[in-house]
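Please look at the sequence and the model shown here, and then consult the points below by topic.

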Amino acid sequence: MTRVLVTGGAGYIGGTAVKMLLAAGFDVNVLDDCSTGHEDSVDPRATFILGSILDKNAVLTALNGKENGTYLEIGAARPDFMSNTNILERLFNWSGISIEIDGNLVNYFNSQRRNKCVHGSALDADYCQMTRDAGLGNVIDYLSVDIEPPENTFAALKRIPHDKLKFKVITFE
């Protein structure tokens, strides 16, 4: 069973995502600082972790401080602001591929980062081809999924052929 880390899972939107992921058969961990959500609203089938995604150590801890890992990032947005993959790339020498629908953000990303960002819709992407082209293999250390609205984040996660691509850690933001 694939484990997913849902950030903000104690709030309304995150809580809805948790229920959708549990119903789809994922093992769910919830990371939330409860600044707007409530721990008692987290589905009891999920594991709750009090903390913040702004604490990069939370993601690094989930990845065991691994160096030279691999990632797939769905919804790259800003390559330098609140980006887990930026830290992994710059400080831990990770390789990966990102996808972003906004062409201006893709251009900015590619001017700032070593690893490539491709322009496209997360709902139409061929993830097997993307990871193959990036030389990542079929077992990838980290999948970050963060697009708007949350229903699209879930749709993108479901679109990934989990029988062909395996992820050690997934964050669902």
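From strand 4, Thr70, Leu72 and Ile74 point one way, whereas Tyr71 and Glu73 point the other way, and all are buried. Buried denotes a relative accessible area under 20%, exposed one over 50%, and partly exposed a value in between, computed with a 1.4 Å probe on protein chains only. Strands (E, at least two residues) and helices (H or I, at least four residues) are DSSP runs, numbered from the N terminus.

The model is predicted: local features need pLDDT of at least 70, side-chain atom pairs count only at pLDDT 80 or more, and totals for chains, interfaces and linings use all residues. Residues are numbered from 1 along each chain as its sequence is written, and side-chain values use heavy atoms, with hydrogens and water left out.

- The structure holds an open sheet of 8 strands in the order 3-2-1-8-7-4-5-6, with parallel pairing; two strands pair if DSSP finds at least two bridges between them.
- Strand 3 (47–50) and strand 6 are the edge strands, each pairing on one side only.
- From one strand to the next, the twist averages 20°; axes are lines fitted to C-alpha atoms, for helices over the stretch in contact, and angles run from 0 to 180 degrees between N-to-C directions.
- Strand 4 (residues 70–74) is joined to strand 5 (residues 95–100) by 5 bridges in the parallel sense.
- Threonine 70 has serine 95 of strand 5 as its bridge partner, and tyrosine 71 has glycine 96 of strand 5.
- Strand 4 is mostly covered, with 5 of its 5 residues buried.

**Helices on the sheet**

- Helix 4 packs on the sheet and touches strand 4, strand 5 and strand 6; contact means heavy atoms within 4.5 Å.
- The direction of helix 4 makes about 165° with that of strand 6.
- Helix 6 lies across strand 4, strand 7 (139–145) and strand 8, and runs at about 175° to strand 8.

**Helix 1**

- Helix 1 (residues 12–23) has 12 residues and spans 17 Å from its first C-alpha to its last, close to the expected 16 Å; the expected span is 1.5 Å times one less than the number of residues.
- The buried residues of helix 1 are Gly14, Gly15, Ala17, Val18, Leu21 and Leu22.
- Seen down the helix axis, the buried residues of helix 1 fall within an arc of 155°, so they line one face of the helix; the arc is that of the directions from the helix axis to the C-beta atoms.
- Tyr12, Ile13 and Ala23 are exposed on the other side of helix 1.
- Strand 1 (3–7), strand 2 (27–32), helix 6 (150–159) and strand 8 are the elements against which the buried residues of helix 1 pack.

**Helix 3**

- Helix 3 (residues 84–92) is largely enclosed by the rest of the structure, because 7 of its 9 residues are buried.
- These buried residues of helix 3 are Asn84, Thr85, Asn86, Ile87, Leu88, Glu89 and Phe92.
- Asparagine 93 follows helix 3 and has a positive phi, near 60°.

**Asparagine 115**

- Asparagine 115 is located in the loop between helix 4 (103–112) and strand 6 (116–119).
- With a relative accessibility of 7%, asparagine 115 counts as buried.
- The side chain of asparagine 115 makes a polar contact of 3.2 Å with that of tyrosine 71 and one of 3.4 Å with that of arginine 114.
- A polar contact is a pair of N or O atoms within 3.5 Å; within protein, one must be able to donate a hydrogen and the other to accept it, and residues adjacent in sequence count only if both atoms are side-chain atoms.
- Apart from neighbours within four places in sequence, the residues in contact with asparagine 115 include Glu89, Trp94, Ser95 and Gly96.

- Glutamine 112 belongs to helix 4 and counts as partly exposed, at 36% relative accessibility.
- Beyond its neighbours within four places in sequence, glutamine 112 is in contact with Pro79 and Arg90.
- Glutamine 112 and aspartate 80 are 32 residues apart in sequence, and their C-alpha atoms are 7.9 Å apart in space.
- Valine 169 is found in strand 8 (residues 166–172) and is buried, with a relative accessible area of 13%.
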